[in-house]
Amino acid sequence: MKWTNIIALTLVIIGALNWGLIGFFNFDLVTTLFNGSLFWVARVVFALVGLAGIWCVTMYHAVGQEMELRISKQ
């Protein structure tokens, strides 16, 4: 797995956990950690998570190729 995929997947997991906390407990961990004068860091984290999500869309292509290989081997 490429290092870009690992970083993107890690950021997507962070984003998913943050959204889960917001959904279940109305608690935004990223904004809480970087509140006040560091709020711009939270915005950068949110932007990176968004870009990582877009990057992870490209992983569907790899999943499709893997499925084709498994089907052709059977």
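## The aromatic pair

F24 is exposed, with a relative accessible area of 72%. F25 is exposed too, at 62%. Here, buried means under 20% relative accessible area and exposed means over 50%, with partly exposed in between; the probe is 1.4 Å and only protein chains count. This is a predicted model, in which local features need pLDDT of at least 70 and side-chain atom pairs count only at pLDDT 80 or more, while totals for chains, interfaces and linings use all residues. Residues are numbered from 1 along each chain as its sequence is written, and side-chain values use heavy atoms, leaving out hydrogens and water.

A search of the whole structure finds 1 aromatic pair. It joins F24 and F25, whose ring centres lie 6.3 Å apart; the planes meet at 55°, so the pair is tilted. The rule covers Phe, Tyr and Trp rings (for Trp, the six-membered ring) with centres within 6.5 Å; planes under 30 degrees apart are stacked, over 60 edge-to-face, and the rest tilted. A pair of aromatic rings is described by the distance of the centres and the angle of the planes.

## Overall layout

The protein has 4 helices and 0 strands. From the N terminus, the elements run α-α-α-α. Helices (H or I, at least four residues) and strands (E, at least two) are DSSP runs, numbered from the N terminus.

Of the 74 residues in the protein, 16% are buried. Among contacts with a separation of 6 or more, 47% join residues 24 or more positions apart. A contact means heavy atoms within 4.5 Å.

## How α1 meets α3

α1 and α3 pack at an angle of about 120°, and their axes are 8 Å apart. That makes α1 oblique to α3. Angles under 35 degrees are roughly parallel, over 145 roughly antiparallel, 65 to 115 roughly perpendicular, and the rest oblique. Each axis is a line fitted to C-alpha atoms, for helices over the stretch in contact; angles run from 0 to 180 degrees between N-to-C directions. The crossing of α1 past α3 is left-handed. Left-handed means that the near helix is turned anticlockwise from the far one by less than a right angle; clockwise gives right-handed.

On the α1 side, the contacting residues are T4, N5, A8, L9, L11, V12, G15 and N18. They meet F46, L48, V49, A52, G53, W55 and C56 in α3. N5 sits in helix α1 and is buried, at 15% relative accessibility. Beyond neighbours within four places in sequence, N5 touches W55 and M59. G15 also belongs to α1 and is buried, with a relative accessible area of 10%. G15 and F46 are 31 residues apart in sequence, yet their C-alpha atoms are 7.7 Å apart.

## The nonpolar core

The largest nonpolar core has 6 residues: A8, L11, V49, A52, C56 and M59. Both α1 (3-25) and α3 (39-57) supply at least two of its residues. α3 gives the most, with 3 residues. Such a core is a set of buried Ala, Val, Leu, Ile, Met, Phe, Trp, Tyr and Cys residues joined through side-chain atoms within 4.5 Å.

N26 lies in the loop between α1 and α2 (29-33). Its phi is positive, about 55°, although N26 is not a glycine. N26 is exposed, with a relative accessible area of 69%.

D28 is placed in the loop between α1 and α2. At 23% relative accessibility, D28 is partly exposed. Leaving aside neighbours within four places in sequence, D28 contacts N18, I22 and F46. D28 and N18 are 10 residues apart in sequence, with 6.3 Å from C-alpha to C-alpha.

## R43 on α3

R43 is found in helix α3. At 56% relative accessibility, R43 is exposed. V30 is 13 residues from R43 along the chain, and their C-alpha atoms are separated by 9.0 Å.
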